[in-house]
Amino acid sequence: MVNATINGIAISVEDGTTILEAARKVGVEIPTLCYLKEVNEIGACRVCVVEVEGQDRCVTACNNVVQEGMVIRTNTRKVRTTRKTNVKFILSQHDYECASCVRSGNCTLQSLANELNISEMPYDSILEKNKWDKTFPLIRENNKCIKCMRCIQICDKVQSLKVWDIAKTGSRTTVNVSLGRNIKEADCALCGQCITHCPVAALSGRDDKRPVFSQNGMLNTRRKTTVVQVAPAVRTAWAEAFKLSRKFASPERLAGALRLMGFDYVFDTTYAADLTIMEEGSEFLERLKHKEDYQWPMFTSCCPGWVRFLKSQYPDMVDCLSTAKSPQQMQGAIIKNYFADKIHEDPENIFSVSIMPCIAKKAECALPTMDSTGTGPDVDVVLNTREFVDYMKSLNIDVYGLPEDHFDSPCGEGT
């Protein structure tokens, strides 16, 4: 065990414990920006600096271990000044037009700047120009990247895809797609982990709200019959943004919100999940009858990110995949075929929207359909939970006054 003091508090920790971990054990919070435990502990942002007695310069808490007899102070004038200066340097290479940023109000850098009372910038702003394929579901904005390296580490160490890497050197050091590739060449599975772990909005999902909600969008122009389906995960996740209890934020209340937003029909994707299971089961039984004609075992997955991963990393196992569509795509096919016929509507006059938990679904709906019905894509637009919630907030809907409504039948009932 190693003995030291942090802000006058005596501590005893195991050898090898970092200053950051030791401080958290005794309830002393040290701000971080680039730190991810056991994934990214490189002290790149220099925000977690602390003062150690006997050392002239502040040291980073995330990658310096506690030594016997250390006297550590985390909130001295020297620490605050150094921390504030470091954040200002980061801001000088960051597009800090926060009001129009997708992460405004949910940004670690913005929160740090507010906590440190940064009200003016003494340094000239140097922003990297943005070159990115905006048709890809994952969007990178170079001018917002703070070089924390989280995306590189999470993709390398956890996802093992190595999509990102450091580019250039010196003051021009930045992050880009590895090996000089563009993002479509990089075998990105669209798992979304780099977006989740980016502390700013340098990485985000493609914003697809415009064709649905804008002034010229389908909900406002009423050019087509608008239909929306909601994934099971979204039925719970939407409540988090409004701090609603699980009991109050019922699926029926979500259906009521979607009707208030203007959708003509509201469906629950759980029905299509049942259909998917039946199709996969039937396919499995058929394969069993002709074992010698198939590669085994048979895999099924409703996750297009997992399917993308398998296809790029294990191409020899692609023949093991079920050919059944995912619940999202199966529901889309039902809407534009069976349901369109039921309401006597031309399938081409139906605008099908899906609210899903991940950006991989945006890529999935763009895949060519397997049939030749001529109805176009099974799903026209995929919105993620954040996009749906952001627009709902913009309408100033009283969430506590939302009525409970039913999902439309026959696609609303599922196990």
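**View 1. The largest nonpolar core holds 43 residues.** L109, L138 and W164 have the most contacts inside this core. A nonpolar core is a set of buried Ala, Val, Leu, Ile, Met, Phe, Trp, Tyr and Cys residues joined through side-chain atoms within 4.5 Å. Buried means under 20% relative accessible area, exposed over 50% and partly exposed in between, with a 1.4 Å probe and protein chains only. At least two core residues each come from α2 (77-92), α3 (108-115), β6 (138-140), α4 (150-159), β8 (174-177), α5 (193-197) and α13 (360-364). Helices (H or I, at least four residues) and strands (E, at least two) are DSSP runs numbered from the N terminus. A second, separate core has 37 residues, including L258, V353, I355 and L402.

The model is predicted: local features need pLDDT of at least 70, side-chain atom pairs count only at pLDDT 80 or more, and totals for chains, interfaces and linings use all residues. Residues are numbered from 1 along each chain as its sequence is written, and side-chain values use heavy atoms, with hydrogens and water left out.

**View 2. L138 and its contacts.** Neighbours within four places in sequence are set aside here. L138 then contacts W132, W164, C188, L190, C194, I195, L203, S204 and I359. Contact means heavy atoms within 4.5 Å.

**View 3. Four strands form an open sheet.** The order is β11-β10-β12-β13, with parallel pairing. Strands pair if DSSP finds at least two bridges between them. β11 (265-268) and β13 (381-384) are the edge strands, each pairing on one side only. β10 (residues 225-230) and β11 are parallel over four bridges. Q229 has F267 of β11 as its bridge partner. Helix α12 (residues 327-342) lies across β10, β11, β12 (350-356) and β13. The helix runs at about 155 degrees to β12. Axes are lines fitted to C-alpha atoms, for helices over the stretch in contact, and angles run from 0 to 180 degrees between N-to-C directions.

**View 4. A324 sits in the loop between α11 (304-313) and α12.** A324 counts as partly exposed because its relative accessibility is 23%. Not counting residues up to four places away in sequence, A324 touches E279, E280 and E283. L275 is 49 residues from A324 in sequence, and 9.7 Å away in space, C-alpha to C-alpha.
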